[in-house]
Amino acid sequence: MTLKIYNSLSGEKETFTPIHDNNVGMYVCGPTVYSNVHLGNVRTFMSFDFIYRSLVHLGYKVRYVRNITDAGHLTDDGDVDNDRFVKQSRLEKLEPMEIVQKYTVDFHKVLEVFNLLPPTIEPTATGHILEQIELTQKLIDKGFAYESNGSVYFDVLEYNKRGLNYGELSRRNIEELFANTRDLDGQNEKRNPQDFALWKAASPAHIMRWNSPWGEGFPGWHLECTAMSTKYLGDKFDIHGGGMDLKFPHHECEVAQGKACNGVSPVNYWIHANMLTMNGQRMSKSTGNYILPMELVSGNNDFFEKPFHPTIVRFNFMQAHYRSVLDISNEAMVASEKGFQRLMEAMKVLSNNNFPIAEVSSFDVKAWKEKCYAALTDDFNSPILIAHLFEAVNFIFKLKDGKETISENDLQELKTLMTDFVFDVLGLQNIEENNNEKLDQTLQVLIDLRNQARKSKNFDLSDQIRDRLLAEGIELKDGRDGTSYSIS
Ligand code: AMP
Ligand code: ZN
């Protein structure tokens, strides 16, 4: 089956052909770890988690690189002395690298809660300073960059003079750009306001600094992604992703850096995920229109009437296509919760397996399977895939009521496909099963503690554990193979 991907570079859905057979190189811009990720950030990372899961499910071997931006991201106010880390470290009275560690840990925790798979490589900007210095030098040597007061800038005008077309990804008209931009950053250091920093000289107060041929400084944000993507995936690789808002200038600059350095456009398929909005406005830290993921999960917020399990949030996100804007609301979350429960109920019915097997099925599983894969391979269309899964859900309930029939082969196929799509591809989790697992783990801990108490002849404690569990309706039974429990 052919996979079609919407390529932001061409503005069209294209047939996906990896550079190396079945291997896919995918780079996704990671978080800037100077504060907690908000729910909007989570949506973008989840969109790429779904794309990653889909590619793996379709049989590709994926090298998935997602970086951690832990240096060099300047503040929006264009204050050259303040990158985001230095600014936040002053606010929190911590070392910049403590800020980095604190929010990297938070980022990983949040993504785990929402069942995102880790990338196969997770490089950091600070771990690749040498590569960034080398790239900067290469761009200077090739005449695409110039030094000015200890900083180095990419020369956009020169790039364009050589017919390399700055603006091709974001489809911006370069002349307009030149006419409409004020020089916020770098004062008069730059030849043109459009030029962007590859390396910034550090002021004496700037703590995050490294030695370079141009003096002490720190790398520009756009350069790190070129350094890390090409290091791990090659000068030209298959997929580059990120949120829509990164298309310009960040990704445009990556294209320019790659073409200037290596003579080839670095990426075959550019994928951009759309934004999460709240109250109809883009979720963003700077406007204050945001909710933290754990605030939604814990219910500790003024926007939602109750807490929502992370997998319900995931289901809600998956109900929208990754290229559509998604507005999060209480009503939509409540509806997702209902839909999710129905889906899980059907999964339970399916695994309980207590319906009669017939010679022929009244449901065309083969045709249904094709429709599911058609949705998945049509630019990863999760809402359409979910709609097809619900056709199967309706069938499963009718089957249970004896109003439909299924053959043994079809039943096995339906089970496998539903499990694959629901849990592996969409990344949903069975809340009930998870809770049962947790309960089992907790009871095993108590059984171990009781055994230890008995060994050390602390029978008071061991009896207490047994009796108190019994009072809660959990009976411990000691047998030859150890202790088991039953719940009444
Ligand atoms: P940042 O840490 O600011 O670089 O953002 C991390 C990722 O989240 C980037 O890919 C952004 O495009 C994305 N992002 C930021 N705001 C939103 C939003 N409201 N909805 C979806 N993605 C977002
Ligand atoms: Zn990036």
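1. D21 is placed in the loop between strand 2 (12–15) and strand 3 (23–28), where helices (H or I, at least four residues) and strands (E, at least two) are DSSP runs numbered from the N terminus. Although D21 is not a glycine, its phi is positive, at about 40 degrees.

2. This is a predicted model, in which local features need pLDDT of at least 70 and side-chain atom pairs count only at pLDDT 80 or more, while totals for chains, interfaces and linings use all residues. Residues are numbered from 1 along each chain as its sequence is written, chains are lettered from A and ligands numbered from 1 in the order in which they are written, and side-chain values use heavy atoms, with hydrogens and water left out.

3. The protein chain is assigned domain 1 (19–273), domain 2 (277–425) and domain 3 (439–487); such bounds come from an automatic or database domain assignment. Taken over C-alpha atoms, the centres of domain 1 and domain 2 are 34 Å apart. Their contact (heavy atoms within 4.5 Å) involves 28 residues from domain 1 and 34 residues from domain 2.

4. Between them, domain 1 and domain 2 bury about 2,700 Å², of which 71% is on carbon and sulfur atoms. Buried area here is the accessible area (1.4 Å probe) that two parts lose on being put together, summed over both. On the domain 1 side, L39, R43 and F50 lose the most area to domain 2, together 28% of what that side buries.

5. Polar pairing also occurs at this interface: 11 residue pairs of domain 1 and domain 2, both at pLDDT 80 or more, are in polar contact. A polar contact is a pair of N or O atoms within 3.5 Å; within protein, one must be able to donate a hydrogen and the other to accept it, and residues adjacent in sequence count only if both atoms are side-chain atoms. The side of domain 1 that touches domain 2 draws at least two residues from each of helix 1 (39–57), helix 3 (96–113) and strand 10 (267–273). Helix 1 gives the most, with 13 residues.

6. Across the interface of domain 1 and domain 2 there are 2 salt bridges, a salt bridge being a side-chain nitrogen of Lys or Arg within 4 Å of a carboxyl oxygen of Asp or Glu. The side chains of D245 and R282 form a salt bridge with an N to O distance of 3.2 Å.

7. The structure as a whole holds 21 salt bridges. One joins E131 and K231, with the closest N and O atoms 2.7 Å apart. Because E131 lies in helix 4 (residues 129–141) and K231 in helix 7 (residues 221–233), the pair ties together parts that are 100 residues apart in sequence.

8. Ligand 1 is surrounded by 15 residues, the closest being G40, T44, D245, L276 and M283; a residue is near a molecule if one of its heavy atoms lies within 4 Å of it. A polar backbone atom of G40 is 3.0 Å from a nitrogen atom of ligand 1, and an N or O atom in the side chain of T44 is 2.6 Å from a nitrogen atom of ligand 1. A polar side-chain atom of N41 lies 2.9 Å from an oxygen atom of the ligand.

9. The peptide bond from F248 to P249 is cis, with omega near 0 degrees. P249 is placed in helix 8 (residues 247–262).
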